[in-house]
Amino acid sequence: MSPAPSEEVVLFPESLLTAAAHPDPYPYYAALLAYRPFYQEHRLGLWVALGAQEVAETLASEAVRVRPLAEPVPAAIKGAPAGDIFKDLVRMNDGHRHAQAKAAVGACLRAFDPAQTTAIARRDAPALARTLAVKHRQGLDLFNFALPVRVVAQLIGLPEDMAGQCAALVGDFVRCLSPISTPDEIARSNRAAESLLQLLRDEWRRSSHGGLAAHVERLRDLGLDTSDAVLANLVGFMSQTYEATAGLIGNALLALAGQPQLRRRVASDDALLQRVIEEVVRHDPSVHNTRRFVAEDCTIAEQILKPGDQILVVLAAANRDPARCERPHVFDPDRADRSSFTFGAGRHACAGQAIATAIAAAGIQALTTHGLDIAALSGPVAYRRSVNSRIPLFGGAA
Ligand code: HEM
């Protein structure tokens, strides 16, 4: 029997590579996880880790890398400005180089005072909300993408006017990081990479006694070996923030839009808003998967893997593994057993979690104060085309 015209039928995603941008990928993840928490997906030529234990084991394995051994920098950007940044990013390296950079980057990010992040976000968000007319859906999308980069740019010592410039440039730069980028996007990414590096170099020289220069010197003292590596990772702070935090704000707005009672309680309770954001991180995360590349013979989840094998690590599925948390599909800001893989785990775990959640909270507060009707956001929404991130586009797909 065919459904009545008013009934909406949401099918499973076509594959794990389209799931992140699907209206509701979670029943699909749950079905795959119940079938097998770690298996070989021959159609995609990938191993897939979905269970919490299997995801943790994959991310902890010494035998896997974040890039294929034969292609540390994607061929499309190798030797170009975007590739020059990419090759030095802590996120894209392994072994000694990664350990050294991670110690510096981790210490630098942890030293950013959460209160300072909140203060910058609370100062910046209202002005941005006014300028971008966030009551209109296109304005809201611009806000969600711009605010996180603007705040991180100011945390690393850039003046406010440059922070806005960075947000636009980072938006172009990150296009090269996706396996589905077009040649035109790669070209824009290279131009943006060049401009970002130039902007940071100029500001570093100008601000020799404070601001950006202080952070550059600090990262050098902490062990980042070259100026290029320092500048690349400062761009990395902004690019790691960009899509993931825009998605966090958007997915939190959707959670609130669908729950009127919760929305009313959050309006007068900052601590509850923080718990709502943490539950969104688990329940409807902005980053759904990451990849690992097998570098040596190994066994993961009792399966024998060979060098050259690829593993799709489905963080969003592991977040809802019933072996890890009770009632995994229920959105419960007050749950005591909350844990998630959304910020990764193991050697490459994200050090920006506190920054991201502080920005999201300040952003949502500013949107509410500036008259955004969150209730009106409920209902179907388009998601940005992506193989790994889940970012609602309230103004419609770009
Ligand atoms: C909601 C927001 C965010 C999410 C969901 C997120 C998620 C992640 C994930 C999953 C990883 C690990 C990737 C992997 O192991 O393959 C990662 C790494 C990283 N993130 Fe985040 N992130 C967010 C925000 C931020 C922010 C705000 C910053 C900095 C200001 C940041 C900086 C980094 C860095 C530097 C790494 C690389 C760590 C390493 O490779 O050792 N992230 N992030």
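Why does leucine 132 count as partly exposed? Leucine 132 counts as partly exposed because it has 19 C-beta neighbours inside 10 Å; a residue is buried with 20 or more other C-beta atoms within 10 Å of its own, exposed with 12 or fewer, and partly exposed in between, the C-beta atoms being placed from the backbone. The model is predicted: local features need pLDDT of at least 70, side-chain atom pairs count only at pLDDT 80 or more, and totals for chains, interfaces and linings use all residues. Residues are numbered from 1 along each chain as its sequence is written.

**Leucine 132**
- Leucine 132 lies in the loop between helix H5 (114–131) and helix H6 (137–155); helices are DSSP runs of H or I with at least four residues, numbered from the N terminus.
- Beyond its neighbours within four places in sequence, leucine 132 is in contact with Gly139, Leu142 and Phe143 (C-beta atoms, placed from the backbone, within 7 Å).
- Histidine 22 is 110 residues from leucine 132 in sequence and 27 Å from it in space, C-alpha to C-alpha.

- Leaving aside neighbours within four places in sequence, the contacts of phenylalanine 173 include Ala82, Val235 and Ser239.

Methods. Helices (H or I, at least four residues) and strands (E, at least two) are DSSP runs, numbered from the N terminus. Two residues are in contact if their C-beta atoms, placed from the backbone, lie within 7 Å.
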